Amino acid sequence: MPIKKPSMALTLLLSFFAAPHAVAEENKNIETIEVYSKYKKHVGTTGLDLSVSETPQAISIVDDEMMGLYHMESIRDVLDSVTGIYGENLPTSNSRFYYSRGFVINNYLVDGNESVSTHLQMSTLDTAMFDSVQVIRGATGMLQQMGQPSGSVNLIRKRASAHATETFLSAEVGSWDKRRFELDTNVALTENLAVRAVIVDSAQDYFVDDQQSDRSAYYATLNYQITPNLAVNLFHSQQEDDLTGASAGLPYAYTDGTLFEGDKSLNIAPAWSGSNDKVTMSTAEINYSITDNWSVIARYDDSKFESDGILPINLSFLSSEDNSLVYLPINSTRDNSANQFELNVLGEFELLSATHDVSITYTDGEKNELYTRYQGSPATVVMLDIFEPSSRNIPAPSYSDTGAPYADLVKSRVLRTAVNWNLTEQLNVLTAYAKKDFDVSEPGNSASQAYSFSDGNKYIGVVYDFNDQYSAYASFTDVFNFGGQRDINAELLGPSFGENKEIGLRSSFINNALAVDFNIFQIDMNNVPTWTDQSLVYKAVKGMTSEGYELEVSGYITDDLSIMASYTNFNVSDAEGGIVAEIVADEMFKINANYQLSNDLNLAVSVNRTGEHQGYLRDSNNAFYFVPLGAYTLVNLTATYNVTDALTVQANIENATDEEYYSKVSGYTKRYGEPRNYSLRVMYNF
């Protein structure tokens, strides 16, 4: 299927592309703001410390200042604003699936290292712990043990600084009885030693009756500059989220085919449904500068993810005779742990009268994943007349003490080498290779399967600077990914593999204060795991292709007006009509604009336009079929006022137009997105 014709949204964005030329003359003296001059920021798609302008791949960066201006309190808020990223809710929680270029983002990085938490929980992490979020779209096998084709989300943690002692306090109230408190304090103990701590405590009801979420998070870090050449950093964090009254949404239809049109606030889940998730991460890091041009970084990461809960899954449409509904209450626990040692050598070398950059990284890691599902008696429950509030008080099933475990142990050893060849002042070529060895087993399973396999990821990219304003790039990398999914016989599916190709044009305007990026990409994959009609059962699709283009404009248009705007248009197809190819919106328009009305007042607006896509439902034979879902536009408004140098007040309106839309349609249910809601935040710095 061909890529869709550009919509009016692209026409609007192209007008911003033209805007730099119109305002360039009157802004010749504009101060370059480092926050938005993204080409100068450093990222690492291959482990090298390269700027965005030197990296031949599409990258978006959201820093803590932007998170604050646009009221982004979780990673999901950040990803919803990023170019080319599509998200949809999990039916039974506030977690979200995220996709890039049609493929799910399964792995998240923290300071460049993979997290053990599932991608669903990582999207709920609180932004108070992070300095910035880097989103690299397309295959990133150089960064990960496994290389998914979608891209990488790299969460950069805040660090302690010995330059100053300062504290940030925040208190917030809002719709649905929202209460949130945040503390971020940095203490310089000596000129070489500093500590930093972040605490978050929040609670909120929901627009759905009797549903409530509670969060507690803390983060601590230490920086000790032992000598001018030797530094030690320690990091530790924990976040715990409780969800009570977890609803799977509303019935999509009645059993006679009539669409369900009930109150959006109706909670039809049993009163005992809920979940608890806890993410813990610890890191020790040693940095040693051998010379001015060579350094060594040694890291040890240890992380855990624990969850338990009983979440209801609808097993039928709503009875058209008596308004009853059949549930499968899934009682499950998850206990994941991981540890990894990494040694990275960074340096420069001279060859043919030029200086080139090199990175050599070795990682040795182990990841344990244990998912246990408990059998209930009775296996299903029936809620009689969902419109009667007392029907939610049905007894919970009794569960066995021992469940059915699904366990995976993955041991990995990876050696990565990357070189940035500065061939001329205008041309640099990036080459990289990662040799990967894996051992996969199922501990505790008498019929255990074991895999041992090796692979090598290749990466080559070229960046050419036409002048100070324009540059072009092209890159190629192969993809190798093992996700641990099982087929109908409970056997592990083999790795998926493919190729990622991308070409792009970068432009900068107004003294490098505004960046414009355009890229075209194609991803060809084989043996891709996709959902089947049965829960926890996957099949491998032989051929899957994603191709399209992205346009992003970010930075300052004038001294007072900054934007991050994007348009994405792509198409995903596979030989077997898989679900992902249908449910991901293939056209997106996003804009975040902030205008400084005065020295003390900022107004920000976020517009997120999601194109047409499809939901998937089950028929009487339990087979999937698709239903069309219309496009929708969400508008968020934020006003920030500096009462004094230390005191700031912020007012927020989310979904300001009160757009009605579905955040998820699957199985037998539909879940509405959040209606218009408000919050007021008071911040104090000292």
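Predicted model: local features only at pLDDT ≥ 70, side-chain atom pairs only at ≥ 80, totals over all residues.
Strand β17 covers residues 274-289 and strand β18 residues 295-314; the two pair in the antiparallel sense over 16 bridges. Strands here are DSSP runs of E, at least two residues long, numbered from the N terminus, and two strands pair if DSSP finds at least two bridges between them. Five residues form the hairpin link from β17 to β18.

On to the next strand: β18 also runs antiparallel to β19 (residues 325-351), joined by 20 bridges. I310 has N331 in β19 as its bridge partner.

## Nonpolar patch

Y300, F341, L343, I360, Y362 and L415 form a nonpolar patch on the surface, with about 510 Å² of accessible area together. Accessible areas come from the Shrake-Rupley method with a 1.4 Å probe, and for residues only the protein chains shown count as cover.

Strands β19 and β20 (354-374) each give two or more residues to the patch. Y362 lies in β20. With a relative accessible area of 34%, Y362 is partly exposed, a class between buried (under 20%) and exposed (over 50%), using a 1.4 Å probe and protein chains only.

## Basis

Residues are numbered from 1 along each chain as its sequence is written. Local features need pLDDT of at least 70 and side-chain atom pairs count only at pLDDT 80 or more, while totals for chains, interfaces and linings use all residues; side-chain values use heavy atoms, leaving out hydrogens and water.

Note on methods. Helix = DSSP H or I, 4+ residues; strand = E, 2+ residues; numbered from the N terminus. Patch = residues over 30% accessible without salt bridge, like charges linked within 9 Å, V, L, I, M, F, W, Y side chains within 5 Å. Salt bridge = Lys/Arg side-chain N within 4 Å of Asp/Glu carboxyl O.
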